[in-house]
Amino acid sequence: TWLKLKCRRAEEFVIGGFTRRAGGRSDLASLLLGTYHGKRLVFVGRAGTGFNENSLSSLRRRLQEDLRTISPFDPEPALRHEERPSWVEPRLVAQVRFAGWTQAGLLRHPVFLALREDRKPRDVTPARTTPQEGVVRKKPRTTVAGPSLTHPTRVVFPEDGITKVQ
């Protein structure tokens, strides 16, 4: 028998834009998020859940004040076909809960929690849990005592450096 526990992380990310869908709720589908790597704002993903009607309305008003014509991200993020981006000056910081990072270095299951008025965007840099920028990892499969094990080198307890296979 085994017990599965979901470990959630919460960190701050800079809002560099938002996406819209035609006829969508308050015209805001998701926030485009990043962290600063030196002077570059690097895209780390989108948060499209966690909003209620009040937070959507408030966010939309705040973001509308900071609209700009070009992306603040370097490099510019690849968007999904149906997304229509609106770029903003990176002045707002969002507190986001998420499950982890994808192999591509993007947030896994991000949920918007709140704006962080006490944080400056330039202070939002990659946390210790962020994968190294530019590292491409393969998905090895290992057989351990019979069952197939995916991602055997994935660190599951970062404080102790314990991998999944260990």
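**Ground rules.** I am working with a predicted model, where local features need pLDDT of at least 70, side-chain atom pairs count only at pLDDT 80 or more, and totals for chains, interfaces and linings use all residues. Residues are numbered from 1 along each chain as its sequence is written, and side-chain values use heavy atoms, with hydrogens and water left out.

**Strands.** I took helices (H or I, at least four residues) and strands (E, at least two) as DSSP runs, numbered from the N terminus. Two strands pair if DSSP finds at least two bridges between them. I started with strand 2, residues 30-37. Which way do strand 1 and strand 2 run? They run antiparallel, and five bridges join them. Strand 1 covers residues 9-20. I looked up Val 14 and found Gly 34 of strand 2 as its bridge partner.

On to strand 3, residues 40-47. Strand 2 pairs with strand 3 over seven bridges, again in the antiparallel sense. Tyr 36 has Leu 41 in strand 3 as its bridge partner. The two strands form a hairpin with two residues between them. Gly 38 sits in that turn and has a positive phi of about 70°.

I then checked burial (relative accessible area under 20% is buried, over 50% exposed, in between partly exposed; 1.4 Å probe, protein chains only). Seven of the eight residues of strand 2 are buried, so the strand is largely enclosed by the rest of the structure.

**Helix 1.** I counted 13 residues in helix 1. The helix reaches 19 Å from first C-alpha to last, close to the 18 Å expected at 1.5 Å a residue. That expected span is 1.5 Å times one less than the number of residues. Which residues of helix 1 are buried? They are Ser 55, Leu 56, Leu 59, Arg 60 and Leu 63. These cover an arc of only 130° around the axis, which puts them on the same side of helix 1. The arc is that of the directions from the helix axis to the C-beta atoms. Glu 53, Asn 54, Arg 61 and Glu 65 are exposed on the face turned away from the buried side. I also noted a cap at the N-terminal end: a side-chain oxygen of Asn 52 lies 3.0 Å from the backbone nitrogen of Asn 54.

**Aromatic rings.** Rings of Phe, Tyr and Trp (its six-membered ring) pair if their centres lie within 6.5 Å; planes under 30 degrees apart count as stacked, over 60 as edge-to-face and the rest as tilted. I found six aromatic pairs in the structure. Phe 13 and Trp 101 are edge-to-face, 6.2 Å centre to centre with 75° between the planes. Phe 13 is in strand 1 and Trp 101 in strand 6, 88 residues apart. Phe 13 is buried at a relative accessible area of 0%. Trp 101 is buried too, at 12%.

Phe 51 and Phe 112 are stacked, 5.2 Å centre to centre with 25° between the planes. Phe 51 lies in the loop between strand 3 and helix 1 and Phe 112 in strand 8, so the pair ties together parts 61 residues apart in sequence.

How values were computed:
Polar contact = N/O pair within 3.5 Å; in protein donor to acceptor, adjacent residues only side chain to side chain.
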